[in-house]
Amino acid sequence: MSGVKRNVINAKKKLEILRNLDNGESASTDAEEVLNEGNTISHFAALQSVETLLDYMGQRGFDYGDIIAVRKICVYIRQEMNK
């Protein structure tokens, strides 16, 4: 899987997206920008980032449905890792 392209979100952009979500705003435009940048990230790093996001969501009392949606992303990443 070393040749698989993945997108990277730097810490500043992650915080910006989390602030937007915390304020009830959409972060889809920010996510789109990151997807178009063409950077790479490992499955492990992606999984770690998503799990960190889950911790944040749990601490902030996000809606259960939103947390389940993010957990599905973890499942998808793990499936990709096992291919």
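Modeller: Happy to! Let us begin with a term: a residue is buried under 20% relative accessible area, exposed over 50% and partly exposed in between (1.4 Å probe, protein chains only). By that scale Lys83, at 64%, is exposed, while Glu80, at 11%, is buried. These two side chains form a salt bridge with N and O 2.9 Å apart, a term for a side-chain nitrogen of Lys or Arg within 4 Å of a carboxyl oxygen of Asp or Glu.

This is a predicted model, where local features need pLDDT of at least 70 and side-chain atom pairs count only at pLDDT 80 or more, though totals for chains, interfaces and linings use all residues. Residues are numbered from 1 along each chain as its sequence is written, and side-chain values use heavy atoms, leaving out hydrogens and water.

Now the helices, which are DSSP runs (H or I, at least four residues) numbered from the N terminus. Helix α3 (residues 43–60) packs with helix α4 (residues 64–81) at about 165 degrees, their axes 10 Å apart; axes are lines fitted to C-alpha atoms over the stretch in contact, and angles run from 0 to 180 degrees between N-to-C directions. That makes the two roughly antiparallel, the word for angles over 145 degrees. Contact (heavy atoms within 4.5 Å) involves residues including Phe44, Leu47 and Glu51 of α3 and Ile67, Val70 and Arg78 of α4.

Arg78 and Glu51 also form a salt bridge, with the closest N and O atoms 2.6 Å apart. Arg78 lies in α4 and Glu51 in α3, so the pair ties together parts 27 residues apart in sequence. Arg78 is partly exposed at 37%, and Glu51 is partly exposed at 31%.

Methods:
Parallel < 35°, antiparallel > 145°, perpendicular 65-115°, else oblique.
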